[in-house]
Amino acid sequence: MANVTDLQTKYSKLAQEYSKLRAQNQVLKKAVVDEQANSASLKEQLKQRDQSLRKQEQEMDSLSFRNQQLAKRVELLQEELAVSEAKGKKGKHGLQTQSVFDEDLQKKIEENERLHIQFYEADEQHRRQEAELKARLEELEKDAEQHQTAVDLLTTKYVETIERLQSDKARLEVKSQTLEREAKECRMRTEECQQQLRRCQSELNRQVKQSSSVIQEKVPFNDTSEYLLKARDVAGQALSFIQDLVAALLNFHSYTEQRVHIYPLDSSIEPISPLNQKFSQYLHENAAYVRPLEDSFLQLYQSITEDTVTVLETVVKLKSFADNFSTYTHFLQKILPYQLKSLEEECEAPLCTTALTAKNKELQSDTKKVTSVFEKLQNYINLLALPSRLTHTSAVFTQLAACLHSLHDAIKEMSKHYNQKAGIEQELPTVTQKLCTTTECLLGSLGSLTSSTGKIATFFSNNLDFFTSSGYNPRGCTVALNPLQAESMLANKKKAAIYINAIKKVQQSQEKIARLEQEKEHWLLEAQLGKVRLEKENQRIADLEAQLAAALGGSPNSQTAAASTLAQSQEEAETELRATGKETTLCTSLVGDEESREQLIKTHYMARVGELTTQLQISDSKAVHFHSECRALAKRLTIAEKSRETLSDDVKMANQNITRLQDELATTKRSYEDQLSMMSDHLCSMNETLSKQREEIDTLKLGSKGNAKKNKGR
């Protein structure tokens, strides 16, 4: 869970960086659009000036041609003047012709000076325009370099972000594989425990039946172990569902706050309305109201142990959960007017369609209904937290189950309407990628909220019989327990356990005394048998001594034989004395009298009874050991099942996070690629524009140089 939380934190940081970069990108887009507009205007101005320049060149060409004609005319006139001067003055007609020629020549000279002045002014204007266009071109090239640098930086940052997300994805996949492997090992251990449990099931069933009969006859109160285990198991499941609900509520309020900052006004571009600012401030504080729900219910779950009496009247931690739930309900009531006003403000947006307005109206109704259902839940939970004033708990639990189903239906309806609204919003021309991403996250939180409330409602309905059961009530009593009675009952239960343990110790002492008595009898019999054997050996020794004395009175060979017979008899006696008790007893019984035989048979059967008693005691101790081991295995199996469920949930959450991160990575990558393609297209168009401008400037330079050469030639 800690790794998932770290991933969520990293993802939130990435989302913040992404939003900042989006804002910067929008500024760059605006600057690029402005530059495109400026470039278009400059192109238009350049085109107009080019046209005026061509017109002036045409005029200059026509003036040059006219000037050449006039120059030729002047030359002809000068030649004619020279001819006329050579011939001399021929009267009044010649003077008049000369005056006409002089006047025409003067007009042509003045017209030529005027044309030279116009040409000089046009040349100066062309030079100024050329200098201005060069300066503007240098500025555009600098701006293009700056834009290219910004694009390179953004590309590098986006690539690093994608690589970091890919590494996080790989790490999550490794963790998922590790969790799957651990889950497989847990399943194998569970199968082994189940096999051991099946082997001991028959013996346990027999002991359970025997213990149940003893409890029904001897114990004055109900056996509460099954009820206690059931209560703790139910509380654990409820804690898991409450944690899912808390996570869904936190995501829903947080994404609602992000949406308020984006739509209908983007806070990164222009300030949002004071109402939405207040609404955002309240939503930012949602964790202070939602987190205590999980913490208080965790304390309630931890208060249910094997040493407590768990009934509605004794679960004091339920009061803390009820208080926190009431606080959260008040928080919902506080933000309800702002939610309704925020939806009305969305309806007042310029591009809000009729269909979108209708969906906002439906969402207003859904929000009111959800808040109303939470208020009903608050009332029922507060009633359960005050059991001393409550007489019909079963009716309250039934109404609470129905109210949970109503909450699930209301949130499901809200999620459906929000999905429809998101579909309509995506068709608007002003929708941004930031709004689409936030809306998708908000829809995901609503889906989680719908799923968690549905699970809670189903779980509560399935366990309704358990919630309305009597639990710890004494046999034949219909009055609910109060905390003092529960404490007294718990003390009596501990005393009974101590008393039963004392009885077990007495039984063990009695068994030990019986075993010692059997050993005492055994050794007494051994002592008697030893005494009988000693007397027989003394008799044999006396007989041997008599034979030895008789032999000593005979021949030497007979004495030697008697000595050897005596030695052999002594060796046999020593061998018989070293033999074990049973073998000696058996040999003696074969050669002894009737009384000794009976005594040996009795001893044999007593030894056999002792062996059987020992085996019986060993079997009893093994049975007790197996019984305790089976109980421990059953507990371990329960813990393993819970751990398996927890690990399965973790694996599901990890898979969901991986899927969500993959989707977000694909979305981010696609948006980055689109932005990069747009920027590349823009840069290509800018380069084409710059190249065209350079070509036009080069053309103008060449044209101006050609005109200058023509003017110099003239």
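Tutor: Of the protein's 714 residues, 32% count as buried, meaning under 20% relative accessible area with a 1.4 Å probe, protein chains only. It's a predicted model, where local features need pLDDT of at least 70, side-chain atom pairs count only at pLDDT 80 or more, and totals for chains, interfaces and linings use all residues. Residues are numbered from 1 along each chain as its sequence is written, and side-chain values use heavy atoms, with hydrogens and water left out.

Student: How many helices and strands does the protein have?

Tutor: 14 helices and 0 strands, taken as DSSP runs (H or I, at least four residues, for helices; E, at least two, for strands) numbered from the N terminus.

Student: What angle do α7 and α8 pack at?

Tutor: About 160°, with the axes 9 Å apart, for α7 (residues 354–384) and α8 (residues 393–425). Axes are lines fitted to C-alpha atoms over the stretch in contact, and angles run from 0 to 180 degrees between N-to-C directions. That makes the two helices roughly antiparallel, the word for angles over 145 degrees.

Student: And in α8, is valine 396 buried or exposed?

Tutor: Valine 396 is buried, at 8% relative accessible area.

Student: How far is valine 396 from leucine 383?

Tutor: They're 7.8 Å apart, C-alpha to C-alpha, and 13 residues apart in sequence.

Student: New topic: where does α6 bend?

Tutor: At isoleucine 335, by about 35°, and proline 337 follows within four residues. The bend is the angle between axes fitted to the seven residues ending there and the seven starting there.

Definitions and conventions
Angles under 35 degrees count as roughly parallel, over 145 as roughly antiparallel, 65 to 115 as roughly perpendicular and the rest as oblique. Buried means under 20% relative accessible area, exposed over 50%, partly exposed in between (1.4 Å probe, protein chains only).
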